[in-house]
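Here is a walk through one protein model and its ligand. Keep the viewer open and follow along.

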Amino acid sequence: MKFPHDFLFGAASASFQIEGAWDEDGKGITNWDVFSKIPGKTFEGTNGDVAIDHYHRYKEDIKLMAEMGLESYRFSISWARILPTGDGEVNVKGLEFYNNVINECLNYGIVPFVTLYHWDLPLTLEQDGGWTNKRTAEAFVKYAEICFRAFGDRVKHWITFNETVMFCGLGYLKGAHPPGIQNDENKYFQATHYVFYAHAKAVEVYKALNHYGEIGITHVFLPAYSIDDKHENVLAARHANEYETFWYYDPILNGEYPAYVVEQLKERGWTPSWTEEELDTLKRNAGKNDFIGLNYYQPIRVKKYLEAVSNMEHSRETSTLAPGNPSFDGFYRTVKMEDKTYTKWGWEISPQGFLDGLHMLKERYGDIKMYVTENGLGDEDPIIDGEIVDVPRIKYIEEHLKVIKRAINEGIHLKGYYAWSVIDLLSWLNGYKKQYGFIYVDHHDQLNRKKKLSFHWYKHIIETRGEEL
Ligand SMILES: C[C@@]1(C(=O)O)OC[C@H]2O[C@@H](O)[C@H](O)[C@@H](O)[C@H]2O1
C-alpha cells in the first residue's frame, strides 16, 4: 500500500547551518556568528562563516533536490538577513535572496515549507536579553509579518519556531548555546513563555492576512518511558513528559500550561512574569494552529534520580542528548538500556517509541494535523571506493517510514515527512563530523556535492510513494 496521495515527502535544513555568507549583502550579525567564535564552544572551532556556501550555491542544491524528486523542502529564513538589527529597517537584499530560493523551488515544483526561527537571533536582540525580554517576542511578530507579506503569495506552509526546548534549554540551563547561561531556571521558563507568546501573536497576524496557507510550530518530540514498572520510575516518566513535552505542546494546542508544571514552578519560585494579556493571547489563538511539527529522533528511558543537582557543571558533551544525564531539576535521569540499539552519538533507535508516542499525543491533543519535520540518522558515513555508502541511514529512515505508514493506518493525522537533513551541513555542537544528509559535501574539495546511496534510495521511495515499505 502506498502513502496517501497528499502526504509530502520532504527534507530539511536551517539557515545558519548551510548558508555561510555570514556578513554579506547587508545581513546583520547573529548570536551564533559571535557564539561560534568563542573558543571551546563548538566542535573543532567550526562556525557558520561559510558553512556549505548554500547562499551562493542554492541553485545547484535545489537542482539536486529536484533530481531526488523531493516534493517539499523545509528551510529556515535568517532573521538578520531580513531585519539586520532585529526590529529596525528591512534589508532588501535579504528579501531578494529568499525570493530567489522560493522561486527556484517552485520552478521545480518543490513545495517550500518555511521555518521563521531556527536559532540564529539578531545580535542586538540577544544583547538586550534575548528571549527573556518581551521586546524580542514583539520583534519576532514584526519580522514574521514582513515575511508573510513578502513571501506569503508563494509560501503556504509556515513554522514559527524550531525546537524551543533546545535553544532555551541549551541557552539558559546547559549553557551550550547562546547566551551560554547555565542553571538559570527563571530565565529558562521566562524565555519559553515569550516564545509561545510570540508564536500565538504570529499565528493571529497570519490568519488575519487571509493567505489561506497553514501555520504551526515545530517541537522536539521526546516521549519518555519508565525503565520498569516501579512506581517511582513511572512517576519519573510522567515528570519528564510534563516538563519536556506538555510544557511545550499544551500552551500551543490547548492554550494553557500544564497544571502539574505550573504548580511546581510556583513552589520553586520559577513562575514566569506573565500577564493576563499574554495568557489570553495563548488561549485565544490555540485553536488557530493548523498543525504541529514533530522532530523525532529518539525516546528517553528514565528512572527516578535521588541527588541534588543545583549548579551542575555542564559542557558541550553533556548537552548532546545522549543518555546518562540527570534532568535539570534532578527529578529523573536518562538511562542507556542494554536491550536497545543506539547511534554513534548515543541516541536510541526506536521507531516503536515514535509510534507509542504518537498515540500519546493523539490522546492528549486530538486530531491535530502533524508533520514529521525532522527525522534522520546522524552518522559518520562510510566511503567505499569513493562512494558514500550510508546504508545505516537508509535502514533508519526505512524503519521510521514504516512506522509512520502504520500510524496513519491507525488514525494518526500525519501529512508529511521531512528527513533531517537534505544535505550534509554544519552541526551546532558536532561541526561537520555528524552527517545527516542525502547529499555529501566534500570539505576537502571545494565543498563539492555528491549524491549518497541514500539519495538514490529516497528518490525511489518518493517515486513509488513508499509502496514497498
Ligand atoms: C542536536 C542535533 C544534532 O546535531 O544531532 O539534533 C538533530 C538536528 O536537530 C535540528 O533541529 C538541528 O538544527 C540540527 O543541527 C540537528 O541538531
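What follows goes from the ligand site to the strands and then to the nonpolar core.

The model is predicted. Start with the ligand. Gln17 places a polar side-chain atom 2.5 Å from a ligand oxygen atom. Lys434 also reaches a ligand oxygen atom, with an N or O atom of its side chain at 2.7 Å. Glu163 has a polar side-chain atom 3.3 Å from an oxygen atom of the ligand. How much of the ligand's accessible area does the protein cover? On its own, the ligand has 370 Å² of accessible area, and the protein covers 95% of that.

Next, turn to strand S13, residues 414–420. This strand is mostly covered, with seven of its seven residues buried. Buried here means that a residue keeps under 20% relative accessible area. Which strands pair with S13? One is S1, residues 8–12, which runs parallel to S13 and is joined to it by five bridges. Within that pairing, Leu8 sits opposite Gly416 of S13. Another is S10, residues 369–374. S10 and S13 are also paired in the parallel sense, here over two bridges. Find Met370, and opposite it in S13 you will see Leu414.

Further along the chain, look at a hairpin. Strand S14 covers residues 439–442, and strand S15 covers residues 448–451. These two run antiparallel, with four bridges between them. Ile439 has Lys451 of S15 as its bridge partner. Five residues lie between the strands of this hairpin.

Finish in the interior. In soluble globular proteins, nonpolar side chains tend to be buried together. The largest nonpolar core of this model has 151 residues. Which members touch the most other members? They are Trp131 and Phe140. Helix H9, residues 185–208, gives the most to this core, with 13 residues. Center the view on Phe140. Leaving out residues up to four places away in sequence, Phe140 touches Trp79, Leu116, Tyr117, Trp131, Thr160, Phe161, Ala198 and Ala202.

How values were computed: Residues are numbered from 1 along each chain as its sequence is written. This is a predicted model: local features need pLDDT of at least 70, side-chain atom pairs count only at pLDDT 80 or more; totals for chains, interfaces and linings use all residues. Side-chain values use heavy atoms; hydrogens and water are left out. A nonpolar core is a set of buried Ala, Val, Leu, Ile, Met, Phe, Trp, Tyr and Cys residues joined through side-chain atoms within 4.5 Å. Buried means under 20% relative accessible area, exposed over 50%, partly exposed in between (1.4 Å probe, protein chains only). Contact means heavy atoms within 4.5 Å. Two strands pair if DSSP finds at least two bridges between them. A polar contact is a pair of N or O atoms within 3.5 Å; within protein, one must be able to donate a hydrogen and the other to accept it, and residues adjacent in sequence count only if both atoms are side-chain atoms. Accessible areas come from the Shrake-Rupley method with a 1.4 Å probe; for residues, only the protein chains shown count as cover.
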